[in-house]
Amino acid sequence: MKLKQLEGLLGSLDQFENPKIELEQYPTGPHIASRLLYTAENSFGDVENKVVADFGCGCGTLGLAAALLGADHVIGLDIDTESLEIASSNADDLDLDMDFVHCDIKNLKWQDRIVDTVVMNPPFGTRRKGADMDFLFVALKVASNAVYSLHKTTTRDHVKRTALRDYNAVSAEVLCELRFDVPQLYKFHKKKEVDVAVDLWRFVPKKDGEKHL
């Protein structure tokens, strides 16, 4: 599937009807989502025939992109039931199989590395400090191949240092810097739209028994 075709399909998905600010719910735009998954597959082979988990899946954009690119099995996890309902409807509309789990990522108790690749657009941590790093900590514990994640560019040094030193990563690489469109969703938003600079990261988790390089 070509990048533009993937972006077009993702652009047809329904997004949050009643976004919850406490969960920092912002839709992952089709431009960023398509590039994240397209890069994961075409540069690294981390999607096709793999088990992919979408952490904090919201309305399912990243997970459904993985399914469109040939993932063997896709699991979307989110704490918000309304979002999961929209995501399930989006999967039906695209005639794609995707399983959904209602849970708090911080309490995820998956044993072994049953997931090859984790993709996520975690909360940026502006409402609850460290929320993005909570997601990354768990993702690096359950993924066997790689974790793809979006984080504010202003946190780049902190993200890299923490991932390598404390979170079981053997590598942490910024693949590119992107502009995340934040639309006017909440009452406190004064502008119609704001661009936030974000990094697209690829983290490789340390395998069991593997020494840190």
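This report describes the fold, strand pairing, salt bridges, surface charge and backbone of a predicted model.

## Overall architecture

The predicted chain has 213 residues, and 51% of them count as buried. Its secondary structure consists of six helices and seven strands. In sequence order these elements follow the pattern α-α-β-α-β-α-β-β-α-β-α-β-β.

## Strand pairing

Strand β1, residues 51-55, runs parallel to β2 and is joined to β2 by five bridges. Strand β1 also runs parallel to β4, with four bridges between them. Val52 takes part in both pairings: it stands opposite Val74 in β2, and its bridge partner in β4 is Thr117. Strand β4 is in turn joined to strand β5, residues 143-152, by five bridges, and these two strands run parallel. In that pairing, Val115 stands opposite Ala143 of β5.

Strand β2 spans residues 73-78, and five of its six residues are buried, so the strand is largely enclosed by the rest of the structure. Strand β4 covers residues 115-120 and is mostly covered, with six of its six residues buried.

## Salt bridges

The model contains seven salt bridges. Side chains of opposite charge can pair when their charged atoms come close. One of the bridges is formed by Arg35 and Glu7, whose closest N and O atoms are 3.0 Å apart. This pair links distant parts of the chain, with Arg35 in helix α2 and Glu7 in helix α1, 28 residues apart. Both Arg35 and Glu7 are buried. The two residues also belong to a network of salt bridges that includes Lys4.

Another salt bridge joins Arg156 and Glu177, with 3.5 Å between the closest N and O atoms. Arg156 lies in helix α6, residues 156-166, and Glu177 in strand β6, residues 169-183, so the bridge ties together parts that are 21 residues apart in sequence. Arg156 counts as partly exposed because its relative accessibility is 31%. Glu177 is likewise partly exposed, with a relative accessible area of 44%. A further salt bridge connects the side chains of Asp104 and Lys106, at 3.6 Å from N to O. Asp104 is partly exposed, with a relative accessible area of 24%. Lys106 is partly exposed as well, and its relative accessible area is 43%.

## Negative surface patch

Asp14, Asp92, Asp93, Asp95, Asp97 and Asp99 form a negative surface patch. Asp14 is located in the loop between α1, residues 3-10, and α2, residues 30-42. With a relative accessible area of 43%, Asp14 is partly exposed.

Asp95, another member of the patch, sits in the loop between α4, residues 81-93, and β3, residues 99-102. The relative accessible area of Asp95 is 69%, so this residue counts as exposed.

## Backbone with positive phi

Most residues other than glycine have a negative phi, and most peptide bonds are trans. Asp95 has a positive phi of about 55 degrees, although it is not a glycine. Asn168 is also not a glycine and has a positive phi of about 75 degrees.

Both residues are in loops: Asp95 between α4 and β3, and Asn168 between α6 and β6. Asn168 is partly exposed, with a relative accessible area of 25%, whereas Asp95 is exposed.

## Start of helix α3

Thr61 is placed in helix α3, which covers residues 61-68. Thr61 counts as buried because its relative accessibility is 4%, and the cut-off for burial is under 20%. The C-alpha atoms of Thr61 and Gly29 are separated by 8.2 Å, while the two residues are 32 residues apart along the chain.

Conventions: Residues are numbered from 1 along each chain as its sequence is written. This is a predicted model: local features need pLDDT of at least 70, side-chain atom pairs count only at pLDDT 80 or more; totals for chains, interfaces and linings use all residues. Side-chain values use heavy atoms; hydrogens and water are left out. Patches are made of residues with over 30% relative accessible area and no salt bridge: like charges are joined within 9 Å, nonpolar side chains (Val, Leu, Ile, Met, Phe, Trp, Tyr) within 5 Å. Accessible areas come from the Shrake-Rupley method with a 1.4 Å probe; for residues, only the protein chains shown count as cover. A salt bridge is a side-chain nitrogen of Lys or Arg within 4 Å of a carboxyl oxygen of Asp or Glu. Lys and Arg count as positive and Asp and Glu as negative; His and the chain ends are not counted. The place of a charge is taken as NZ of Lys, CZ of Arg, CG of Asp or CD of Glu. Buried means under 20% relative accessible area, exposed over 50%, partly exposed in between (1.4 Å probe, protein chains only). Two strands pair if DSSP finds at least two bridges between them.
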